[in-house]
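Please examine the sequence and the model side by side.

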Amino acid sequence: MMDNDLTNAIFLGTVSAGFPSPGDDWREQSLNLHDLVVKHSFSTYFMKIAGDSMTGACLHAGDIIVVDRALTATHKNIVVARLGDRFTVKRLWMMHPKLYLRPENPRYQPVEVTNHPDFEIFGVVTYCVQRVR
Amino acid sequence: MRRHVYALIDCASFYVSCERAFSAALHNKPTIVLSNNDGCIVALDSLAKKLGLKRGQPVFKQQEIIRQHGVQVFSSNYSLYQDMSARVMNVLAAFSPRLEVYSIDEAFLELSEQTIEDLAEFGRTIKARVLQYTGIPVRVAIAPTKCLTKIACELLKNETKYEGVVDLSAFTPQQLDEALARIAVEDVWGIGPKYARFLRNYGVATARDLRDADECWIRKHLTVVGARIQAELRGTACIPLEVNRPPRQSIICSKSFGKEITSRAAMEEAVCTYTARAAEKLREQDSVTARLTVFLRTNVFHEDAPQYSNSFTLDLPYPTAFTPELFKYALKGLHAIYEEGYSYKKAGVELSRITPLPVVQPDLFGEVSLIEHYCQSRLMAIVDTLNRIFGRDTLFFAAQGIARDWRMRQTMLSPRFTTHWDEIAPIT
């Protein structure tokens with residue numbers, strides 16, 4: 001049998017012939033990335049970065065962010081918020097009693113949202129999935 | 001006597017709320033969701049209601065209002081609604097192990113076993129939690145019986161002062177009398193239009209009248225069903241929570257066509273498609289069917305076009321859930337009723353005489369052997385699994401057709417924000 005024939009082999013299950021695997025009793029679930037990034041499955045949402053206002057925080061256009069609505073946003077958290085008729089991702093800056101949404105790109109200005117009549121936090125960004133090649 | 005406490009959680013304008021959860025641009029804009037084929041309004045928010053729009057209205061008659069007021073219009077995005085519904089139900093399940101999912105946007109929670117000081121406060125916590133986790137606003141109606149939670153929920157719909165949460169058990173007898181007097185008897189949970197007409201003839205017009213009617217008279221004319229409703233209105237719980245819903249006794253798959261069907265071949269495809277879907281639901285609940293009905297009709301709104309509707313029911317020689325077998329009978333039924341020369345708007349398939357799989361008697365005369373039975377169910381299990389993993393219609397039967405240009409028309413579909421990677425919401 002030629003070496004590269006092996007690439008077509010499919011393993012469907014354990015073979016009962018021969019020696020049983022000494023590792024059988026230690027069999028565990030393989031790591032699953034979803035378990036790591038999703039703490040509360042029913043309050044977690046995935047969204048896609050569409051602009052460049054957060055490049056300083058390594059959030060680039062096309063990246064997928066993990067947003068958890070169960071968390072309460074605190075100072076310096078990156079949040080997804082609704083500001084009027086659009087959603088935006090920014091760093092929350094709580095300078096009591098003032099509240100700001102700060103972009104992380106010198107080309108954009110912070111927005112003050114203290115007592116903003118049409119502002120609400122959607123959720124807190126917990127992870128970012130970035131394709132590197 | 002044991003104290004009972006139930007909470008009914010009801011999502012306000014659920015489909016619209018789902019659309020809003022992911023589209024900031026919809027906030028403070030009147031929004032409506034249309035039925036299959038974008039025909040009628042099936043859901044609308046309070047802003048759209050204020051414009052005079054109503055549930056069930058054909059949308060084409062409202063184009064003027066929609067254009068003038070910038071009403072946001074959506075086709076029903078069931079992938080999104082089903083996912084959001086599951087999220088809401090999961091949030092609710094954390095409040096009590098006794099949860100009955102009553103519909104896509106309603107659930108009962110039984111709180112009898114828990115010691116809760118302030119039920120209204122508990123209700124507000126539920127409401128706040130669901131809103132935070134899902135963005136869906138809900139109403140929470142608390143009462144000693146399921147029927148009374150329904151009454152409380154009607155109260156919440158009509159009175160803004162409660163801000164979406166009410167506890168009927170905290171009402172004084174007088175307040176309760178007033179609340180019940182405001183509910184029309186046909187709006188009482190479980191009272192159908194026939195009973196409502198009967199009751200009205202005897203002067204029983206409100207929930208309060210029904211509660212105070214003579215017990216023997218109710219039992220005599222409304223049977224035990226009416227007696228139970230009356231007891232529930234009096235505060236005695238007798239409709240238990242259905243935590244595990246019994247399997248369905250009949251399965252209907254029927255939709256109107258996006259484009260009317262005028263050929264027998266297209267109708268065969270449609271009927272096979274509905275049969276395949278119904279068979280899938282049948283296997284989902286591990287059952288088999290012994291009766292199949294095919295029905296079709298023309299467009300009743302085209303008053304000047306020739307009208308025709310008919311149905312045909314077949315009893316199967318042995319119960320089955322094997323799609324190709326069901327196709328055979330569905331087509332037989334269709335051929336018995338299909339008439340050329342009409343423009344068909346709707347067709348459907350109903351499976352009845354459903355029994356759970358394990359009690360099937362092997363066919364006495366051996367038309368289908370046990371081995372064949374086994375092979376058929378293995379094949380269907382593979383089809384169902386692949387379709388579940390890789391999306392609907394990954395594998396389908398050629399009889400269902402490929403182009404299917406009669407399919408549902410949904411021209412204003414929002415992205416499936418929570419179930420498809422390439423449709424998640426972009427954020428700037």
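In which strand of chain B does B:K346 lie? In this predicted model, B:K346 belongs to strand β12 of chain B, which covers residues 344-356. B:K346 has 19 other C-beta atoms within 10 Å and is therefore partly exposed, since a buried residue requires 20 or more. Apart from neighbours within four places in sequence, the residues in contact with B:K346 are B:S254, B:S256, B:F257, B:L296 and B:R297.

Elsewhere in chain B, helix α6 spans residues 146-158. From its first C-alpha to its last, this helix of 13 residues reaches 19 Å, close to the 18 Å expected at 1.5 Å a residue. The buried residues of α6(B) comprise the run B:K146, B:C147, B:L148, B:T149, B:K150, B:I151 and B:A152, together with B:L155 and B:L156.

The contact between the chains draws 19 residues from chain A and 14 residues from chain B. On the side of chain B that touches chain A, the elements giving two or more residues are α4 (78-93), α5 (119-134) and β13 (425-427). By class, this side of chain B holds 8 nonpolar, 5 polar and 1 charged residues.

Strand β13(B) also pairs with strand β1 of chain A, residues 44-49, in the parallel sense over 3 bridges. Within β13(B), B:A425 stands opposite A:M47.

How values were computed: Residues are numbered from 1 along each chain as its sequence is written. Chains are lettered from A and ligands numbered from 1 in the order in which they are written. This is a predicted model: local features need pLDDT of at least 70, side-chain atom pairs count only at pLDDT 80 or more; totals for chains, interfaces and linings use all residues. Helices (H or I, at least four residues) and strands (E, at least two) are DSSP runs, numbered from the N terminus. A residue is buried if 20 or more other C-beta atoms lie within 10 Å of its own, exposed if 12 or fewer, and partly exposed in between; C-beta atoms are placed from the backbone. Two residues are in contact if their C-beta atoms, placed from the backbone, lie within 7 Å. The expected span of a helix is 1.5 Å times one less than its number of residues. Ala, Val, Leu, Ile, Met, Phe, Trp, Tyr, Cys and Pro count as nonpolar, Asp, Glu, Lys and Arg as charged, and the others, Gly among them, as polar. Two strands pair if DSSP finds at least two bridges between them.
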